[in-house]
Amino acid sequence: MKEKKITSSKEQTDTSTTSTEQMGAKKPEKIEFQAEVAKVLDIVIHSLYSNKEIFLRELISNASDACDKLRYALLTHPELAKDTGVFKIILTPDKKDKTLTITDNGIGMDKNDLINHLGTIARSGSAEFIKMLTGDKKKDMALIGQFGVGFYASFMVADKVVVRTKKAGNNMGYKWESNGEGSFTITDDKDAPFGTSITLYLKPDDLDYLEPIRLRHLVRQYSDHISIPIVLKNDGKEETINSASALWLRNKTDITPEQYKDFYQNISHAFDEPWMTLHYTAEGVIEYTALLFCPTKPPFNLFQPDRKSNLQLYVNRVFISDDVPELMPNFLRFMTGVIDTRDLPLNVSREMLQRTPAMEKIRKGIVRRILTELKKRSEKADDYKTFWDSFGIVFKEGLYEPSEFKNEIAELCRFHSTRGEELTSFGDYVTRMKASQKHIYYLTGTDLATMRVNPQLEGFAARGIEVLLLTDPIDEFWVQTFYEYQGKKITSVMHAGDDLEKIKPAESDEGETLQKDKADALIKQIKTILGDAVGDVRTTDRLTKSPIALITPEGQMSMNLERLMRAHGQAINFASSRILEINPRHALIHKLADLVSQNKDPEKVSDTIWVLYDQTLVTEGEPIKDPAKYTERLSRFIMAGL
Ligand code: ADP
């Protein structure tokens, strides 16, 4: 027989048609479900599943497959065209009978197909599902969401299902009928039209699937990009309710910027223009088409912890999931779009998505493309600033997350710096480094204006050494894991080490350095006065204008991070381990040292040191521990001055 040779992309069509037709049942023939199917159905029918609506997606997907199969068969069997119309999938809600019918004019099924496909476990997803069954209905039901059970999902919403079908090229049609309990019947149905129609007798609780508004919504949500028109037949009127075109599978040259924009706004529920549109098909080990967008403005929920990337995964134009964290690393979570691949099975499960190497390969491919495109766009500083202002704060997480693209990510980062108002990159910073400068320096904080006048920067300014000013909370984290760029250590200004000693200040209007013995005596005195308010006291090269500064020891949380953590309710305080640095060339320090060595005015010395200390806290943005004492001391100075 002719249809013996019909093959499809998905399966080899059964070849035993002759024998089945000889079986030709006139009366309903009762057939038991395969034991595994009965098990699945038992769970489907008798448990409550919160996401029942997916039944429609499954049936539409099957209908679309059936059309694809016939389309494919026509290539080698053009004579089948006489049984074929324009492909479409029709949804017919019937409020009177309380039925929803899904009709397609695809390949159809013969009797053998019906027995084999709607009586046994055909799909690999269901087979896996069976393996995972625990016997606990609640747990087992949850598994359905992960695996999908294809056609059998109909029984979530229907207490009876009738399938009428006639296979292309056949004379005989059949009616399959079941309430999902143990068995089904098959009856000859000569008048069945070519293709398949599946009628669901809806359960009393599920009559909302008769509402056109609900159907439209579900189709838009799950099946919009099925390439075959999905038609809603309501009150005799027909209305196509999907857009029936997978934009991403069309030729780039055929798509207008307007169409890209509409599509972007549609899938991301956004109103801005895409700042970047990436559309390509990857060929090689894994084939996939990607249509990706970077928004212009940050979406409102960018920082919500449960925010997922707005990326949709399709397998062969069929929507699979928009929750595929495997596909997009966190630092690119602002990207939205569609990935469509043929290299995953349609019934791919959550577990499978997590462990299949295909996903990993796609992810790498996507990230590489995005970074390459960003690199191109970064050459125009103004344009790139738009991106950076919106997403830089998220993008920098890439310096801190594990990634094989660390260097590429680093090159794309931009920072404020002491050099001026313009943002700078690591690369540009390096070209401006002093000849003997070994490190890339940074200061963290929250307010740019305050940071620019931070005493910690004085020594760097005097030596013409540029310092990056890092103002985002995330900066505190990546600086602890991203150690160097082009071999240059990324170092806090507080831990400058010998760079400052080796590089001489440009103009030396600085005073003389305090003698060692005088400095030591002063340091000893300061330690006694401040007690455990500081961990250590020492001299520094870092300061030029200010008499003292406070720093945190290397390896310990910066003061900025400490404040951030406290703002988030963490009870931490490392004050006792901070280091007080004194400027040995400052006139005030000289004066104090004189007083200490001559053992004069101990109260005044103590007041001065406390006031200096408290003022340093203020410039750092730290609270003063005892504001009353601070005011008292200050008042004494003012009185003396008057
Ligand atoms: P899957 O679609 O993953 O194979 P299903 O349980 O949904 O699993 O369907 C089982 C099989 O039944 C399909 O593979 C297909 O051969 C057949 N089938 C289901 N619906 C249709 C349809 N509308 N037209 C033709 N064949 C269908």
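Reader: Between which domains does the second largest pocket lie?
Author: In this predicted model, local features need pLDDT of at least 70 and side-chain atom pairs 80 or more, while totals for chains, interfaces and linings use all residues. Residues are numbered from 1 along each chain as its sequence is written, and side-chain values use heavy atoms, without hydrogens and water. The pocket (an open set of 1 Å grid points where a 1.4 Å probe fits, with protein on both sides within 12 Å along at least five of seven lines; lining atoms within 4 Å of a point) takes lining residues from two domains, so it lies between domain 3 (414–508) and domain 4 (516–641).

Reader: What is the volume of the second largest pocket, and which residues are closest to its centre?
Author: The second largest pocket has a volume of about 660 Å³. Its lining comprises 35 residues, and those closest to the centre are Y442, E476, S492, H495 and S558.

Reader: How many charged residues are in the lining of the second largest pocket?
Author: Elements that each supply at least two lining residues include strand β17 (439–444) and helix α21 (602–620). By class, the lining has 18 polar and 11 nonpolar residues, and the number of charged residues is six.

Reader: Is K167 buried or exposed?
Author: K167 is found in the loop between β4 (158–166) and β5 (173–178). Its relative accessibility is 2%, and the cut-off for burial is under 20%. K167 therefore counts as buried.

Reader: With which residue does the side chain of K167 make a polar contact?
Author: A polar contact pairs N or O atoms within 3.5 Å, one able to donate a hydrogen and the other to accept it. At 2.7 Å, the side chain of K167 makes such a contact with the side chain of D113.

Methods:
Helices (H or I, at least four residues) and strands (E, at least two) are DSSP runs, numbered from the N terminus. Buried means under 20% relative accessible area, exposed over 50%, partly exposed in between (1.4 Å probe, protein chains only). Grid points are joined across faces, edges and corners, and a volume is the space filled by probe spheres set on the points. Ala, Val, Leu, Ile, Met, Phe, Trp, Tyr, Cys and Pro count as nonpolar, Asp, Glu, Lys and Arg as charged, and the others, Gly among them, as polar. Domain bounds come from an automatic or database domain assignment.
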